[in-house]
Amino acid sequence: MVKKSTCVFISGQGSNLKNLIIHSRNSSFPIKISLVISNNNKANGLFYAKKYKIPYILINTKVKNYENKILLYLKKYKISFICLAGYMKIISSKLIKDYKKKIVNIHPSLLPKYKGLNTFSRMIKNKEKKGGCTVHYVNEKLDGGSKILQKVFFIKESDDEFILKKKTQRLEYKAFPEAIIKVFRKY
Ligand code: GRF
């Protein structure tokens with residue numbers, strides 16, 4: 001099996017990046033992580049890129065046309081698939097067009113509920129009974145692309161934001177690799 005050369009975009013903690021790196025080391029997993037892109041030079045996720053010797057680049061999103069730099073590097077590393085794992089920036093339509101149905105994102109809610117930021121505080125405020133995560137294709141609409149896979153858990157009344165995050169991320173570590181396998185099963 002020829003693994004798809006993949007770039008993971010991050011901004012922070014990078015626990016999903018770490019999880020994907022570990023899965024990608026399995027010979028039957030469909031992707032190889034060839035590049036990490038971060039818009040935050042203090043992102044903890046960069047530690048994993050270094051630890052597992054994966055090339056990484058830092059992008060200054062305050063610079064005009066910064067996405068040209070991204071596109072250049074994606075070409076250089078022959079990237080054919082992109083995973084957004086906690087990347088806190090909107091992807092431009094140029095990138096979405098160039099990588100149509102080749103960009104996936106993980107979101108900490110059961111989409112279409114709770115698009116955007118601060119999902120856990122909004123869920124608590126609304127006394128939601130169920131939480132979860134969604135892996136979906138990325139299109140021009142924020143958290144609006146078609147769903148690949150969702151995982152659900154039940155919320156207890158005593159669950160606070162910290163616990164919701166923990167429960168969600170535990171599911172994310174299963175959902176993201178499963179969704180990637182599902183995407184490539186079609187090809
Ligand atoms: C995840 O919870 C994901 O759903 C959201 O950002 C978080 C990133 O966490 N998009 P990490 O950086 O992978 O630990």
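**Questions on a predicted model**

The accessible surface of the protein chain in this predicted model comes to about 10,700 Å², and carbon and sulfur atoms hold 55% of that area.

Me: What makes the radius of gyration of the protein chain agree with a compact globule?
Reply: The rule is 2.2 Å times the number of residues to the power 0.38. For 187 residues a compact globule would come out near 16 Å, and the protein chain has 16 Å, so the two agree. Along the principal axes, the C-alpha atoms fill a box of roughly 50 × 40 × 30 Å.

Me: How many helices and strands does the protein chain have, and what pattern do they follow?
Reply: There are 6 helices and 7 strands. In sequence order they run β-α-β-α-β-α-β-α-β-α-β-β-α.

Me: What share of the residues is called buried?
Reply: Buried means under 20% relative accessible area. Of the 187 residues, 49% count as buried.

Me: Why is a set of residues called a nonpolar core?
Reply: The name applies because its members are buried residues of the listed nonpolar types, joined through side-chain atoms within 4.5 Å. The largest such core here has 38 residues, and C83, F176 and I180 have the most contacts inside it. Helix α6, residues 161–185, gives the most to this core, with 8 residues. Another core, of 20 residues, lies apart from it and includes C7, I70, I79 and Y99.

Me: Which residues is I180 in contact with, leaving aside neighbours within four places in sequence?
Reply: Contact means heavy atoms within 4.5 Å. On that basis the partners of I180 are L20, F29, P30, I31, F81 and C83.

Terms used: Residues are numbered from 1 along each chain as its sequence is written. This is a predicted model: local features need pLDDT of at least 70, side-chain atom pairs count only at pLDDT 80 or more; totals for chains, interfaces and linings use all residues. Side-chain values use heavy atoms; hydrogens and water are left out. Helices (H or I, at least four residues) and strands (E, at least two) are DSSP runs, numbered from the N terminus. Buried means under 20% relative accessible area, exposed over 50%, partly exposed in between (1.4 Å probe, protein chains only). Accessible areas come from the Shrake-Rupley method with a 1.4 Å probe; for residues, only the protein chains shown count as cover.
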